[in-house]
Amino acid sequence: QVQLVESGGGLVQAGGSRRLPCAASGLRFSDYDWVWFRQAPGEEREFVARIIWSGGTTYYADSVKGRFTISRDNAKSTVYLQMNSLKPEDTAVYYCACRLRGRAEYDTWGRGTQVTVSS
């Protein structure tokens with residue numbers, strides 16, 4: 001059974017940092033692309049960052065570029081989102097998801113972790 005578990009959320013002051021791990025089990029981690037999305041109350045789910053299966057290429061939303069970093073540790077089957085210089089508008093539930101390389105859809109999702117940035 002494939003399972004993704006996000007953690008690391010909480011309350012942080014504006015300008016602070018937070019690292020969100022997403023631990024995976026039940027799959028061959030290195031064969032998957034990984035992505036972070038977020039959803040604020042009353043808003044659509046929004047793409048944040050992506051890292052491809054080989055780990056060498058990353059993509060970011062313009063709103064987080066230069067502040068957030070996505071990375072992966074294949075040995076630990078964990079993908080990370082390092083968030084620096086946090087802003088109140090980064091407040092959201094953060095979700096990780098994965099797709100087998102070559103597939104179009106991210107079809108496996110975690111339950112999310114809440115990040116709240118206070119001003």
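**Close-up views of a predicted model**

A search of the whole structure, a predicted model, finds 7 salt bridges.

**View 1. Asp 31 and Arg 101 form a salt bridge.** Their closest N and O atoms are 3.8 Å apart. Asp 31 sits in the loop between S3 and S4, and Arg 101 in the loop between S9 and strand S10 (108-109), so the pair ties together parts 70 residues apart in sequence. Is Asp 31 buried or exposed? Its relative accessibility is 19%, so Asp 31 counts as buried; the cut-off for buried is under 20%. Arg 101 is partly exposed, with a relative accessible area of 42%.

**View 2. Arg 38 forms a salt bridge with Glu 46.** The closest N and O atoms of this pair are 2.7 Å apart. Arg 38 has 6% relative accessibility and counts as buried. Glu 46 counts as partly exposed, at 32% relative accessibility.

**View 3. Asp 90 forms a salt bridge with Arg 38.** Here the closest N and O atoms are 2.9 Å apart. The pair links distant parts of the chain: Asp 90 lies in the loop between S8 and S9, Arg 38 in strand S4, and the two are 52 residues apart. Asp 90 counts as buried, with 1% relative accessibility. Which residues make up the network of salt bridges around this pair? Arg 38, Glu 46, Arg 67 and Asp 90 are linked in it.

**View 4. An open sheet has 4 strands in the order S1-S3-S8-S7.** The pairing is antiparallel. Strand S1 (3-6) and strand S7 (68-73) are the edge strands; each pairs on one side only. Neighbouring strands are turned by 15 degrees against each other on average, direction ignored.

**View 5. S7 and strand S8 (residues 78-83) run antiparallel.** How many bridges join S7 to S8? There are 6. Ile 70 stands opposite Leu 81 in S8.

**View 6. The largest nonpolar core holds 28 residues.** Trp 34, Trp 36, Leu 81 and Tyr 94 touch the most other members. Elements giving two or more residues to this core include strand S3 (18-25), strand S4 (32-39), strand S5 (46-51) and strand S11 (113-118). S7 and S8 also belong to that list. The largest share, 4 residues, comes from S9. In soluble globular proteins, nonpolar side chains tend to be buried together.

Conventions. Residues numbered from 1 in each chain as written. Predicted model: local features only at pLDDT ≥ 70, side-chain atom pairs only at ≥ 80, totals over all residues. Heavy atoms only, no water. Pairing = 2+ DSSP bridges. Axes fitted to C-alpha atoms, helices over the stretch in contact; angles between N-to-C directions. Core = buried A, V, L, I, M, F, W, Y, C linked by side-chain atoms within 4.5 Å. Buried < 20%, exposed > 50% of the residue type's maximum accessible area, 1.4 Å probe, protein only. Salt bridge = Lys/Arg side-chain N within 4 Å of Asp/Glu carboxyl O.
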